[in-house]
Amino acid sequence: MSMLTPEEWTAVTLSLKVAFWATFWSLPLAVLTAFVLARARFPSKSLLDGLVYLPLVLPKVVVGYLLLVSLGARGFLGQYLDAWFGIRLIFTTAGATVAAAVVSFPLTVNAIRLALEAVDRGLETAARTLGASRLDVFFSVTLPLMLPGVLSGALLAIASALGEFGATITFVSNVEGQTRTIPLAIYSATHMPDGDAMALRLTLVSVVLALGSLLLASLVDRRIRVMIGRG
Amino acid sequence: MIEVDLRLARPGGFALDCGFAAPGEGVTALFGRSGAGKTTIIQAVAGVVRPDTGRIVVGGEVFFDAARGIDVPIEARRVGYVFQDSRLFPHLKVEGNLRYGERRCRAVERPIRFEAVVELLGIGHLLARRPHTLSGGERQRVAIGRALLAQPRLLLMDEPLAALDEARKAEILPYLERLRDAMRLPILYVSHSLDEVLRLADTLVALRDGRQVAAGPVAQVLSRPEMLPVVGRFDLGTLLECVVARHDGDLALSSLAFAGGELRVPQVDRAIGEKVRARVRARDVAIALTKPEGVSVSNLLPAVVEEVVAQEGPYADVGLNVGGVRLAAMVTRESVARLALRPGLDVWAMVKSVAVDSRNPDFLSPGGLTAPE
């Protein structure tokens with residue numbers, strides 16, 4: 001990778017780091033949310049449904065701004081994060097990770113929800129007659145059967161987190177080595193007099209990463225389907 | 001002992017009302033055409049469906065009692081449930097499926113051994129396979145094994161053969177017979193096939209449109225006139241518990257002894273002294289006032305008319321007493337009048353055809369003996 005300058009290399013590794021951790025931390029919550037949306041019945045469910053999918057349809061700048069006013073240094077939640085846990089999100093990689101997680105969350109939930117709805121509930125009933133509790137059934141039957149959906153959802157989330165721009169730059173700004181991911185680095189490069197080459201190189205990296213994760217997603221999906229006997 | 005007493009109503013008009021007690025051993029068949037409520041009953045026993053009111057007690061343990069607010073969760077009931085569609089876990093191999101319930105059971109409570117079940121069902125060569133590579137019959141055998149290894153106190157079987165073709169059915173039935181004879185486990189068996197019921201069941205609960213029509217030992221229930229709408233006029237008949245008396249190899253005939261006399265039947269593949277079930281359809285029993293001479297029918301039995309029930313249409317059901325055994329006959333109302341049949345009259349029963357159970361292929365006539373859909 002000697003084709004990349006150290007500055008570009010920093011942006012690439014930062015992007016991968018942010019995308020990975022954003023997906024890693026949001027995945028359990030996404031599984032839980034998908035489960036609630038697919039299975040539970042309660043009065044305000046359509047409200048939760050709307051809330052989960054909101055980041056998908058809102059302008060990303062609005063998402064970033066909402067994060068800023070809620071989790072920023074003086075935000076109504078952010079001030080306690082700092083005071084009680086010493087967590088600062090503004091201008092930090094942690095903040096960029098939060099922004100990426102929020103934006104990719106609806107895609108992840110949707111992929112997992114589709115996988116969950118495809119699970120034959122008759123199998124879950126069968127498992128219970130064999131002595132498994134509800135929780136046991138979830139981990140021994142439901143989760144393994146929805147695994148292809150969870151993993152392809154995760155890879156989709158990574159791919160979309162890699163491309164996150166609007167929410168990140170609004171929420172945590174454009175700090176090299178902290179929040180300057182590939183899209184932000186490209187944006188900066190286009191503002192520099194001789195940044196064209198850099199923008200082009202990072203664009204190529206973006207294309208390769210996005211394509212790679214999509215190919216990986218379909219490969220993993222196929223392998224697992226064969227593994228769990230649905231191929 | 002299994003006591004089931006339940007009522008439930010569903011939006012859309014389906015209502016179920018039944019109450020019966022089944023012995024703590026052997027096969028109790030829930031029999032009726034589709035929509036009769038058979039599956040709903042075993043779902044209620046399993047805890048998958050909650051009745052509106054009633055009580056379900058299995059082996060002294062109360063599973064459900066609406067009045068006392070008892071409703072034991074599915075996983076705590078320990079019933080083995082064999083579904084019509086197998087429901088094997090696609091992500092586990094056959095062995096993983098078999099062990100699923102076994103693992104969830106304390107080791108000290110495992111009287112049913114893995115090796116014994118694998119041997120009983122002949123599935124040893126399938127252990128490393130994935131469910132989707134199995135044939136329908138193999139899948140159903142694995143599903144039965146999986147249910148058994150969960151160490152159930154009761155086995156529920158929901159039309160386990162319904163999804164299989166005739167050849168596969170014939171492949172599995174012997175395993176079910178072995179299972180019934182080898183395990184001291186009560187089995188509730190849902191079926192709309194009279195063949196299966198006659199081969200497997202000791203006790204019969206007949207259902208029609210959510211109502212219980214009759215319940216009791218198979219041989220007693222089957223000849224009752226109220227069974228007519230359940231089995232259809234074509235199949236109404238009597239089940240006789242017989243013992244093989246002798247074989248006539250030259251003629252390829254066997255004699256079966258029962259309380260009311262002897263029946264001559266095509267040679268059966270059973271040793272002398274073995275018990276067999278013989279089935280006589282009501283429409284295959286003709287009645288004569290004097291001992292018939294010069295007829296080809298070889299089974300002539302002296303009988304006494306017990307009951308004559310005229311049905312709508314041309315037929316009448318006649319209950320005959322043959323040496324203490326009730327034999328159902330079906331003749332036309334015209335014949336009843338012509339012969340002046342009435343209770344107490346001495347007659348001769350002419351049995352035109354006898355089917356002998358299980359190993360005789362005639363007993364399993366293809367597509368025959370099935371409750372009308």
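Predicted model: local features only at pLDDT ≥ 70, side-chain atom pairs only at ≥ 80, totals over all residues.

Reader: Which are the buried residues of H6(B)?

Author: They are B:Lys169, B:Ile172, B:Leu176 and B:Leu179. As background, an α-helix has 3.6 residues a turn, so residues three or four places apart point the same way.

Reader: And what span should H6(B) have, going by 1.5 Å a residue?

Author: With 17 residues, H6(B) should span 24 Å, and the C-alpha atoms at its ends are 25 Å apart, which agrees.

Reader: Okay, back to its partner: at what angle do H5 and H6 of chain B pack?

Author: Helix H5 (residues 136–149) of chain B and helix H6 (residues 166–182) of chain B pack at an angle of about 20 degrees, and their axes are 9 Å apart. Because angles under 35 degrees count as roughly parallel, H5(B) is roughly parallel to H6(B).

Reader: Is that crossing left-handed or right-handed, and which residues make the contact?

Author: The crossing of H5(B) and H6(B) is right-handed. On the H5(B) side, the contact is made by B:Gly136, B:Gly137, B:Gln140, B:Arg141 and B:Ile144, while H6(B) contributes B:Arg168, B:Glu171, B:Ile172, B:Tyr175 and B:Leu179. Sorted by class, this contact of H5(B) with H6(B) has 4 nonpolar, 3 polar and 3 charged residues.

Reader: Switching to chain A, how do H6 and H7 cross there?

Author: The axes of helix H6 (residues 121–129) of chain A and helix H7 (residues 134–162) of chain A cross at roughly 135 degrees and come within 10 Å, and the two helices are therefore oblique to each other. Their crossing is right-handed. H6(A) brings A:Leu123, A:Glu124, A:Ala127 and A:Arg128 to the contact, and H7(A) brings A:Val137, A:Ser140, A:Val141 and A:Thr142; by class, these divide into 4 nonpolar, 2 polar and 2 charged.

Reader: Last topic, then: how many residues does each chain put into the contact of chain B with chain A?

Author: Chain B gives 21 residues to the contact and chain A gives 16 residues. On the side of chain B that touches chain A, the elements giving two or more residues are helix H2 (74–77), strand S7 (79–82) and helix H3 (94–103) of chain B. By class, that side of chain B has 12 nonpolar, 3 polar and 6 charged residues.

Conventions. Residues numbered from 1 in each chain as written. Chains lettered and ligands numbered in written order. Axes fitted to C-alpha atoms, helices over the stretch in contact; angles between N-to-C directions. Helix = DSSP H or I, 4+ residues; strand = E, 2+ residues; numbered from the N terminus. Parallel < 35°, antiparallel > 145°, perpendicular 65-115°, else oblique. Left-handed = near helix turned anticlockwise from the far one by under 90°. Contact = placed C-beta atoms within 7 Å. Nonpolar A, V, L, I, M, F, W, Y, C, P; charged D, E, K, R; others polar. Expected span 1.5 Å × (residues − 1). Buried ≥ 20, exposed ≤ 12 C-beta atoms within 10 Å, placed from the backbone.
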